[in-house]
Amino acid sequence: MKKKSRDMEKRYTTARFVAKLRRLADALEEDKRFAIMIAGERIAVPASAVFTVEHEREGKSEEIEFQIKWTRKT
């Protein structure tokens, strides 16, 4: 099944964000896939994913993005 392209952002409370980070950290430490539900779609991140941190600055605004990238198997 081909998945549609999308680019979305979801806001979380601090407590929910921390809980998701903890689950992600646990999965990484155990070399397991990480599953997360985003806007009604369940996303499975494989243990082989690549993790990067990005920092952007524009005027008085700053942003840090924790990025997780992988290629889906067909």
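Visitor: Which residues form a nonpolar patch on the surface?

Guide: Nonpolar side chains (Val, Leu, Ile, Met, Phe, Trp, Tyr) are joined within 5 Å, like charges within 9 Å. Accessible areas come from the Shrake-Rupley method with a 1.4 Å probe, and for residues only the protein chains shown count as cover. Here Val 53, Ile 64 and Phe 66 form the nonpolar patch, with about 360 Å² of accessible area together. This is a predicted model: local features need pLDDT of at least 70, side-chain atom pairs count only at pLDDT 80 or more, and totals for chains, interfaces and linings use all residues. Residues are numbered from 1 along each chain as its sequence is written, and side-chain values use heavy atoms, leaving out hydrogens and water.

Visitor: Is Val 53 buried or exposed?

Guide: Buried means under 20% relative accessible area, exposed over 50%, and partly exposed in between (1.4 Å probe, protein chains only). Val 53 counts as exposed because its relative accessibility is 61%.

Visitor: Is Ala 35 buried or exposed?

Guide: Ala 35 has 13% relative accessibility and therefore counts as buried. Contact means heavy atoms within 4.5 Å. Leaving out residues up to four places away in sequence, Ala 35 touches Arg 23, Arg 42, Ile 43 and Ala 44. The C-alpha atoms of Ala 35 and Arg 23 are separated by 9.0 Å, the two residues being 12 residues apart along the chain.

Visitor: Which residues is Lys 20 in contact with, leaving aside neighbours within four places in sequence?

Guide: Lys 20 contacts Tyr 12, Phe 34 and Ile 36.

Notes. Patch = residues over 30% accessible without salt bridge, like charges linked within 9 Å, V, L, I, M, F, W, Y side chains within 5 Å. Salt bridge = Lys/Arg side-chain N within 4 Å of Asp/Glu carboxyl O.
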